[in-house]
Amino acid sequence: MKKVIGLSFILSAGITLPGCSGIIENSIDSSERANYEIAIKQETGNGSIELLTPTITTKDNQLEFMTEGIDENKVTFIFVANKKVFEQKIKNDEPYELDIQGIKDAHRTDYRPKVQLWQTTDDTENGDILIFKQARYTVK
(Lines give C-alpha, C1' and ligand atoms only; values in the text may rest on other atoms or scores of the structure.)
Protein backbone atom coordinates (compact mmCIF):
# COMPACT_ATOMS: atom_id res chain seq x y z
CA MET A 1 0.00 0.00 0.00
CA LYS A 2 2.87 2.41 0.81
CA LYS A 3 4.30 1.81 -2.65
CA VAL A 4 1.01 2.74 -4.29
CA ILE A 5 0.72 5.95 -2.25
CA GLY A 6 4.34 6.88 -3.01
CA LEU A 7 3.89 6.17 -6.71
CA SER A 8 0.69 8.24 -6.77
CA PHE A 9 2.51 11.15 -5.15
CA ILE A 10 5.38 10.97 -7.65
CA LEU A 11 2.99 10.79 -10.62
CA SER A 12 0.88 13.72 -9.43
CA ALA A 13 4.00 15.82 -8.76
CA GLY A 14 5.32 14.95 -12.23
CA ILE A 15 2.07 16.13 -13.78
CA THR A 16 1.62 19.25 -11.63
CA LEU A 17 5.13 20.69 -11.44
CA PRO A 18 5.78 21.23 -15.16
CA GLY A 19 2.75 23.53 -15.27
CA CYS A 20 4.11 25.54 -12.35
CA SER A 21 7.22 26.59 -14.24
CA GLY A 22 5.11 28.59 -16.69
CA ILE A 23 3.33 30.32 -13.82
CA ILE A 24 6.63 31.15 -12.13
CA GLU A 25 8.24 32.34 -15.35
CA ASN A 26 5.31 34.66 -16.13
CA SER A 27 5.23 36.12 -12.61
CA ILE A 28 8.85 37.27 -12.34
CA ASP A 29 10.33 40.48 -13.68
CA SER A 30 13.26 40.71 -16.07
CA SER A 31 15.82 41.27 -13.30
CA GLU A 32 14.86 37.95 -11.70
CA ARG A 33 14.59 36.07 -15.01
CA ALA A 34 18.38 35.51 -15.30
CA ASN A 35 18.48 33.86 -11.88
CA TYR A 36 15.46 31.74 -12.80
CA GLU A 37 17.13 30.61 -16.06
CA ILE A 38 20.30 29.65 -14.19
CA ALA A 39 18.29 27.64 -11.67
CA ILE A 40 16.27 25.79 -14.32
CA LYS A 41 18.62 25.50 -17.30
CA GLN A 42 21.97 25.94 -15.53
CA GLU A 43 22.84 28.56 -18.17
CA THR A 44 21.76 32.05 -19.11
CA GLY A 45 22.63 34.78 -21.60
CA ASN A 46 23.92 34.77 -25.15
CA GLY A 47 26.90 32.92 -26.50
CA SER A 48 28.60 29.62 -25.85
CA ILE A 49 31.79 28.03 -24.61
CA GLU A 50 33.40 25.09 -26.39
CA LEU A 51 36.11 22.96 -24.85
CA LEU A 52 38.74 22.25 -27.47
CA THR A 53 40.13 19.61 -25.08
CA PRO A 54 36.98 17.73 -24.00
CA THR A 55 39.11 14.81 -22.79
CA ILE A 56 42.38 15.02 -20.87
CA THR A 57 44.60 12.61 -18.95
CA THR A 58 45.50 12.83 -15.29
CA LYS A 59 48.89 14.20 -16.35
CA ASP A 60 47.51 17.08 -18.49
CA ASN A 61 47.55 20.52 -16.87
CA GLN A 62 45.94 22.58 -19.63
CA LEU A 63 42.41 22.92 -20.91
CA GLU A 64 41.74 24.81 -24.11
CA PHE A 65 38.49 26.62 -24.88
CA MET A 66 36.92 29.00 -27.37
CA THR A 67 33.82 31.17 -27.10
CA GLU A 68 31.24 32.33 -29.58
CA GLY A 69 28.80 35.21 -29.10
CA ILE A 70 30.20 36.32 -25.73
CA ASP A 71 30.35 40.07 -25.00
CA GLU A 72 33.99 40.98 -25.75
CA ASN A 73 33.70 44.25 -23.82
CA LYS A 74 33.00 42.55 -20.48
CA VAL A 75 35.41 40.78 -18.14
CA THR A 76 35.00 37.01 -18.36
CA PHE A 77 35.45 34.84 -15.27
CA ILE A 78 36.21 31.14 -15.67
CA PHE A 79 36.29 28.55 -12.92
CA VAL A 80 37.48 24.95 -13.23
CA ALA A 81 36.41 22.53 -10.51
CA ASN A 82 35.18 25.52 -8.46
CA LYS A 83 38.51 27.40 -8.58
CA LYS A 84 39.02 30.64 -10.52
CA VAL A 85 41.57 30.20 -13.29
CA PHE A 86 40.76 33.10 -15.64
CA GLU A 87 39.68 36.75 -15.34
CA GLN A 88 40.04 39.00 -18.37
CA LYS A 89 38.31 40.30 -21.48
CA ILE A 90 38.33 37.78 -24.31
CA LYS A 91 37.84 37.64 -28.06
CA ASN A 92 35.36 35.23 -29.62
CA ASP A 93 36.58 32.53 -31.99
CA GLU A 94 40.11 32.60 -30.50
CA PRO A 95 41.51 29.69 -28.48
CA TYR A 96 42.56 30.26 -24.85
CA GLU A 97 44.38 27.95 -22.45
CA LEU A 98 43.51 27.38 -18.81
CA ASP A 99 46.16 26.23 -16.35
CA ILE A 100 44.62 23.59 -14.09
CA GLN A 101 47.80 22.43 -12.36
CA GLY A 102 47.31 22.12 -8.62
CA ILE A 103 43.50 22.34 -8.70
CA LYS A 104 42.33 19.61 -6.36
CA ASP A 105 39.31 18.29 -8.27
CA ALA A 106 40.36 19.15 -11.85
CA HIS A 107 41.78 15.67 -12.48
CA ARG A 108 39.09 13.51 -10.88
CA THR A 109 38.13 10.49 -12.92
CA ASP A 110 34.96 9.55 -11.00
CA TYR A 111 32.91 12.39 -12.53
CA ARG A 112 33.19 14.95 -15.32
CA PRO A 113 34.60 18.23 -13.89
CA LYS A 114 33.00 21.54 -14.92
CA VAL A 115 34.35 24.59 -16.65
CA GLN A 116 32.09 27.54 -15.80
CA LEU A 117 32.15 30.91 -17.54
CA TRP A 118 30.31 34.05 -16.51
CA GLN A 119 30.14 37.77 -17.05
CA THR A 120 28.50 40.28 -14.73
CA THR A 121 26.90 43.69 -15.11
CA ASP A 122 29.73 45.48 -13.27
CA ASP A 123 32.71 43.30 -14.28
CA THR A 124 33.18 42.03 -10.71
CA GLU A 125 33.14 38.37 -9.78
CA ASN A 126 30.15 38.78 -7.46
CA GLY A 127 28.09 41.14 -9.62
CA ASP A 128 24.70 40.40 -11.17
CA ILE A 129 25.15 37.67 -13.77
CA LEU A 130 24.56 38.52 -17.44
CA ILE A 131 26.02 35.36 -18.96
CA PHE A 132 26.59 31.97 -17.35
CA LYS A 133 27.75 28.99 -19.43
CA GLN A 134 29.31 25.70 -18.51
CA ALA A 135 30.88 22.67 -20.11
CA ARG A 136 32.17 19.39 -18.75
CA TYR A 137 35.30 17.49 -19.66
CA THR A 138 36.45 13.92 -19.11
CA VAL A 139 39.64 12.81 -17.37
CA LYS A 140 41.09 9.45 -18.38
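**Figure 1. Aromatic ring pairs in the predicted model.** Two rings of Phe, Tyr or Trp, taking the six-membered ring of Trp, pair if their centres lie within 6.5 Å. Applied to this predicted model, that rule gives a count of 6 aromatic pairs. The views that follow look at some of them.

**Figure 2. Close-up of the pair formed by phenylalanine 65 and tyrosine 96.** Here the ring centres are 5.6 Å apart and the planes meet at 20°, so this pair is stacked; the cut-off for stacking is under 30 degrees. Phenylalanine 65 belongs to strand β3 (residues 62-68), while tyrosine 96 belongs to strand β6 (residues 96-99), so their pairing ties together parts 31 residues apart in sequence. Are these two residues buried or exposed? Phenylalanine 65 has a relative accessibility of 0% and counts as buried. Tyrosine 96, at 15%, counts as buried too, because buried means under 20%.

**Figure 3. Close-up of the pair formed by phenylalanine 79 and tryptophan 118.** This aromatic pair is stacked, with 4.7 Å from centre to centre and 20° between the planes. You will find phenylalanine 79 in strand β4 (residues 75-80) and tryptophan 118 in strand β7 (residues 114-120), so the pair ties together parts that lie 39 residues apart in sequence. Phenylalanine 79 counts as buried at 12% relative accessibility, and tryptophan 118 also counts as buried at 12%.

Figure 4. Which residues do ring pairs link into a cluster? The members are Phe77, Phe79, Trp118 and Phe132. Phe79 and Trp118 are the stacked partners from the previous view.

Notes: Residues numbered from 1 in each chain as written. Predicted model: local features only at pLDDT ≥ 70, side-chain atom pairs only at ≥ 80, totals over all residues. Heavy atoms only, no water. Phe/Tyr/Trp six-rings, centres within 6.5 Å; stacked < 30°, edge-to-face > 60°. Helix = DSSP H or I, 4+ residues; strand = E, 2+ residues; numbered from the N terminus. Buried < 20%, exposed > 50% of the residue type's maximum accessible area, 1.4 Å probe, protein only.
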